[in-house]
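Biologist: I'd like to go through the labels on this one with you. Can you show me the structure and then tell me what stands behind each word?

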Amino acid sequence: MPRFTEPDGRIDIKSLSLDELTTELVALGSEKFRALQIWKWLWQKAARTFEEMTNISREWRDKLPAHFVIRELTPVGVLTSTDGTRKFLWHTADGQQIESVLIPDDDRLTLCVSTQVGCAMACSFCLTGDLGLKRHLRPAEIVNQPLQISRILPAGQRITNVVMMGMGEPLHNYDNLVAALRVYLHEHGLGMSHRRITVSTVGLVPAMKRLTDDLPVNLAVSLNASTEEQRRAVMPITKKYSMAELLEACRDLPIHHHKRITFEYVMMAGFNDSLEDAARLSKLLRGIRSKVNLIPYNENPQRDIQRPAAEVARAFQHYLVTRGVQCSIRSTRGKDISAACGQLGKADLASVAIFAESGA
Ligand code: SF4
């Protein structure tokens, strides 16, 4: 497993699993139980310093900072949409900018989490792809997003769902993603249910298989096409893993019988939004326990792609539903703050409200 150290040799403690932390502490002469005490302080009480860990002996509170560092993301700004969606901008310790999007919806509060700085997948419709991949996020950076946002939520409010759909292709950063998800799921970590965590992917077939073996979280596949040719035109990953190979893998995945694979389908006017597309899609998905999430394209000045009319999206949905395919149309959230799908990484810092003082 990766082990992250600072230039001064200290270990990034939040990027360690509980087992790794135990090993490190025992090597320093500690009893094993201390690891769980520290782990709970880090993830359940969101401690920022060892000094706060009042049930740890004075001797160890003095000793720990020489060996470990507690890293946090630096809050830079927050943009609030008219629909209540909030986009949080952060700086990492090495000065990279990442974003998380918090989306309120009835009784749900969903956080869209970033897993990389930029993205290597270069999907043609996505502005994040323009950045290229700058680096993978560490486990700590993936878990700090919900942890730090939770601190500023009003009493009684909490993040109910997490989607790994922010900047980056989560499965391209597999080891760090899984290490982070183990903290999300751990009863003494964030304690979230696997039913409330979704990992989205462009379809990195071997990593999808690994993930379903490793963890019981929900899987979403970004499909966006009804033919190989169409998909190759917008998603370069199709050259490596064809759509046929991807769908075959989905058919064979050992998905828990209560779960379905979500297929995300960004609808682009005149490209993949016809009823012929819907007909092909319904055939392609036969035999896969699935649901389709239609995402009418979020228009922006950087792309010459149009959003289909609402009735086109509804007709597409109707076609699928009447053929027995579960299908919903995702309502666009946070468009006015560039927080909608495919728009992350382009925030204009001059226009954001500073939340550095907010306590996140
Ligand atoms: S859609 Fe996702 S995978 Fe594709 S470029 Fe954008 S962030 Fe990367």
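Modeller: Let's start with burial: a residue is buried if 20 or more other C-beta atoms lie within 10 Å of its own, exposed if 12 or fewer, and partly exposed in between, with C-beta atoms placed from the backbone. Keep in mind that this is a predicted model, where local features need pLDDT of at least 70, side-chain atom pairs count only at pLDDT 80 or more, and totals for chains, interfaces and linings use all residues. Residues are numbered from 1 along each chain as its sequence is written.

Biologist: Fine. What makes Asp106 exposed?

Modeller: Asp106 has 5 other C-beta atoms within 10 Å, so it counts as exposed. Asp106 sits in the loop between β5 and β6. Its phi is positive, about 50 degrees, although Asp106 is not a glycine.

Biologist: What about β6 and β9, why do they count as a pair?

Modeller: β6 and strand β9 (residues 161-164) share 3 bridges and run parallel, and the definition asks for at least two, so they pair. Leu111 stands opposite Val162 in β9.

Biologist: And which strands are the edges of the open sheet?

Modeller: The sheet has 10 strands in the order β3-β4-β5-β6-β9-β10-β11-β12-β13-β14, with mixed pairing. β3 (74-80) and β14 (326-329) are the edge strands, as each pairs on one side only. Further in, β12 and strand β13 (residues 290-296) pair in the parallel sense over 7 bridges, with Phe263 opposite Val292 in β13.

Biologist: Cys327 lies in β14. Why is Cys327 called buried?

Modeller: Cys327 has 24 C-beta neighbours inside 10 Å, so it counts as buried. Contact means C-beta atoms, placed from the backbone, within 7 Å. Leaving aside neighbours within four places in sequence, Cys327 is in contact with Lys291, Val292, Leu294, Gln317, Leu320 and Val321.

Biologist: What makes Ala46 partly exposed?

Modeller: Ala46 has 15 C-beta neighbours inside 10 Å, so it falls in between. Ala46 is in the loop between α2 (33-43) and α3 (58-63), and it has a positive phi of about 50 degrees without being a glycine.

Biologist: Which residues of helix α8 are buried, and how do you know that they share a side?

Modeller: In α8 (residues 243-252) the buried ones are Met243, Leu246, Leu247 and Cys250. They cover an arc of only 90 degrees around the axis, so they lie on the same side of α8; the arc is that of the directions from the helix axis to the C-beta atoms. The face turned away from the buried side carries the exposed residues Ala244 and Asp252. What covers the buried residues includes α6 (205-214) and α9 (275-284).

Methods. Helix = DSSP H or I, 4+ residues; strand = E, 2+ residues; numbered from the N terminus. Contact = placed C-beta atoms within 7 Å.
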